[in-house]
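Have the structure open and follow along.

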Amino acid sequence: MREAAIENIKVPAKRPSSERKRRIWRNKWLYAMIAPGVLYFIIFKYIPMFGLVIAFQDFKPFFGFTGSEWVGFKHFVRLFTEPDFLNILSNTLILFAMNLIFYFPVPIILALMLNEVRINFFKRLFQSLVYLPHFLSWVIIVSISFVMLTMDGGIINELLVFFGFEKVNFLLSNEWFRPVYIIQVIWREAGWGTIIYLAAIASIDPQLYEAARMDGASRLRQVWHITLPAIRSVIIVLLILKIGDVLELGFEHVYLLLNAMNRDVAEIIDTYVYTAGVRQGQFSYSTAIGFFKSLVGLILVMFANYLAKKMGEEGVY
Amino acid sequence: MIEDRTINGRIFALVNYLLLTIIAIITVLPFLHVVAGSFTTSAELAVKRFILIPTEWSLDAYRFIFSTNTIFRAMGVSVGVTLIGTIFSMLITSLMAYGLARRDLDGRKYIMFLVVFTMLFSGGLIPSFLVVKELGLIDKYAALILPSTISAFNLIILKNFFQNIPEGLEESAKIDGSSDFGILFRIVLPLSMPAIATLSLFYAVTYWNTYLSAILYLNDSAKWPIQVLLRQIVVLASGLDTSPDLDASVPPPEQTLKMAVIVVATLPILCVYPFLQKHFAKGAMLGSIKG
């Protein structure tokens with residue numbers, strides 16, 4: 001009590017550093033509160049970041065981070081000379097491009113459509129139904145797809161046969177991996193993705209629409225001239241975040257779809273790191289790949305952010 | 001002119017409703033098909049090609065999966081990890097969020113920067129795996145919880161929420177002699193129940209859906225949570241060969257059985273979904289406010 005009272009009297013401190021020291025001492029319990037969290041970030045986020053040094057070593061688990069032999073850029077050189085890696089990189093980039101082209105616009109379109117709905121009950125019911133898949137794990141999403149798409153008794157193939165088509169091997173073929181992947185992404189995420197656009201749309205001044213209606217603008221024209229420009233910055237921010245995730249395609253999802261029959265198109269950086277690192281014990285090489293991926297992601301998000309700011313948008317940070 | 005516009009407008013609205021209805025049906029249909037499929041016999045499923053309503057109902061699949069203790073054990077692991085993980089995560093996250101929300105905490109800006117930076121850059125899979133291994137957490141349930149204790153995203157949401165609580169309340173509590181812990185647990189947390197509920201549900205869903213940590217850190221199949229088991233059961237029957245852990249001597253499970261396991265693994269999420277839904281729009285919005 002007395003301590004607090006003394007501090008409340010504003011005595012000009014002799015040295016600012018001693019005042020700060022006192023403030024820090026007064027807040028010691030606050031520091032105790034954040035300590036477990038800070039510890040978490042140090043142990044599980046920052047030590048692994050420093051662990052990236054093993055990309056420049058021939059890491060042997062026995063010798064640890066500090067005792068292993070330094071080999072410079074050996075693993076990175078191997079990375080770029082290995083024909084396998086180019087294939088994996090292009091698989092990754094193709095899936096990313098498909099995400100941008102086929103998935104990214106879907107929530108925007110859905111939000112615009114939903115915004116035209118005037119019956120509140122319908123709107124809420126629709127939202128309840130399409131948000132649901134987002135909360136289910138990839139394991140469940142992929143499992144449901146499996147039982148529906150499998151050649152022996154899956155409903156989709158049974159229906160194909162019923163209508164006189166051949167059965168299609170959706171799960172064990174190179175051609176069908178990408179369509180199946182992107183449809184699952186849309187199925188799981190498109191509904192949930194609308195939330196942020198709906199919020200942006202909700203904050204648009206209704207007077208704008210009224211004025212447009214007075215001028216005889218149809219609903220489509222209102223969408224084009226009012227709604228879309230109004231949510232432009234939200235779209236750009238989400239686009240930046242998406243680009244930052246360029247190599248972050250969801251390990252679980254792809255890994256669950258991956259098998260010996262579609263490995264040529266389905267092996268992406270993440271799954272390769274897992275196989276080479278955890279399964280085969282090539283710790284240094286797979287860390288080098290992971291490092292490359294994290295770095296590219298960081299550079300891209302900074303670049304996209306810079307571009308957005310150039311274009312007069314706010315950017316992410 | 002005006003007449004014409006309303007007709008156009010009506011057609012537009014009608015088409016819109018129709019499309020949205022179709023989209024909603026397509027989204028839900030796979031779930032309904034799987035639920036229906038789990039309540040019938042394999043023969044029925046193979047022959048009748050029904051989508052929604054089987055002619056013959058049966059509980060065989062459920063009777064079978066509950067006659068073995070594999071599913072029970074996996075569900076038990078998942079429930080335990082979800083409960084303990086959620087409580088632990090919420091505790092650590094609230095403590096840290098409250099500290100960072102206090103403007104008089106020296107160095108909070110630096111700590112916030114370090115938190116946000118982890119959202120942009122990470123050490124990646126292998127170094128994280130090695131850290132967990134060095135800590136001796138392999139084949140321990142703690143490996144499913146500790147490495148994902150705090151979601152930086154949830155932390156920022158909660159910190160922003162705490163910051164919006166009027167400072168006067170805390171000040172007066174301080175004058176009454178409350179400690180920082182007292183203020184957090186007696187004043188700040190009770191005022192933040194909507195945010196606490198939302199984030200707990202987010203954490204719970206994440207823990208329930210844990211898959212990657214489990215395949216990374218648990219080699220012992222007796223410790224698998226339901227997600228890993230579900231995958232094994234479905235993949236096993238699809239004749240895929242990605243996993244070396246498969247036991248080839250077991251005959252592939254029937255289609256109905258797989259559907260029943262999917263339903264069982266999904267059920268807990270469906271149970272909390274109404275609560276989630278009540279809060280999540282708010283939660284997602286909070287997150288869009290920059291930290």
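What follows is a short report on this predicted model, taken topic by topic.

## Chain B at a glance

Let's start with chain B. Chain B has 291 residues, and 51% of them count as buried.

## The nonpolar core

The largest nonpolar core holds 178 residues. Which of them touch the most other members? That would be B:I71, B:M96 and B:F162. There is also a second, separate core of five residues, with A:I236, A:I240, A:V301 and A:A308 among them.

Leaving aside neighbours within four places in sequence, its contacts include B:S94, B:A97, B:Y98 and B:A101. On the same terms, B:F162 also contacts B:L184, B:V188, B:L189 and B:S192.

## Two loop residues worth a click

B:S192 turns up in that contact list, and its place is in the loop between α10 (180-191) and α11 (193-208) of chain B. Is B:S192 buried or exposed? It counts as buried, because its relative accessibility is 0%. The side chain of B:S192 reaches back to the backbone oxygen of B:V188, at 2.7 Å. Beyond its neighbours within four places in sequence, B:S192 is in contact with B:F161, B:F162 and B:I165.

Next, click on B:T210, in the loop between α11 and α12 (212-217) of chain B. B:T210 is buried too, with a relative accessible area of 10%. Not counting residues up to four places away in sequence, B:T210 touches B:L144, B:P225 and B:Q227.

## Salt bridges within the chains

Over all chains, a search of the whole structure finds 13 salt bridges. In chain A, one of them pairs A:D58 with A:K74, with the closest N and O atoms 3.0 Å apart. This pair links distant parts of the chain: A:D58 is in strand β1 (residues 57-58) and A:K74 in helix α5 (residues 74-81), 16 residues apart. A:K74 is partly exposed, at a relative accessible area of 43%.

Over in chain B, the side chains of B:D180 and B:R102 meet in a salt bridge (3.1 Å, N to O). Here B:D180 is in helix α10, while B:R102 is in the loop between α4 (69-101) and α5 (108-120), 78 residues apart. B:D180 counts as buried at 9% relative accessibility, and B:R102 counts as buried at 5%. Now look at B:E167, which forms a salt bridge with B:R103, the closest N and O atoms being 3.1 Å apart.

## Where chain B meets chain A

The contact between the two chains takes 96 residues from chain B and 97 residues from chain A. The size of an interface is often given as the accessible area lost when the parts come together. Between chain B and chain A, the buried area is about 8600 Å², and carbon and sulfur atoms give 75% of that.

What about polar and charged links? There are 19 residue pairs in polar contact between chain B and chain A, both residues at pLDDT 80 or more. Helix α1 (residues 2-38) of chain B gives the most to the side of chain B that touches chain A, with 17 residues. By residue type, that side divides into 65 nonpolar, 20 polar and 11 charged.

The count of salt bridges between chain B and chain A is two. In one salt bridge, the side chains of B:D106 and A:R20 meet at 3.4 Å, N to O. Salt bridges that share partners join A:R20, A:R23 and B:D106 into one network.

Technical notes
Residues numbered from 1 in each chain as written. Chains lettered and ligands numbered in written order. Predicted model: local features only at pLDDT ≥ 70, side-chain atom pairs only at ≥ 80, totals over all residues. Heavy atoms only, no water. Core = buried A, V, L, I, M, F, W, Y, C linked by side-chain atoms within 4.5 Å. Buried < 20%, exposed > 50% of the residue type's maximum accessible area, 1.4 Å probe, protein only. Contact = heavy atoms within 4.5 Å. Helix = DSSP H or I, 4+ residues; strand = E, 2+ residues; numbered from the N terminus. Polar contact = N/O pair within 3.5 Å; in protein donor to acceptor, adjacent residues only side chain to side chain. Buried area = accessible area lost by both parts, 1.4 Å probe. Salt bridge = Lys/Arg side-chain N within 4 Å of Asp/Glu carboxyl O. Nonpolar A, V, L, I, M, F, W, Y, C, P; charged D, E, K, R; others polar.
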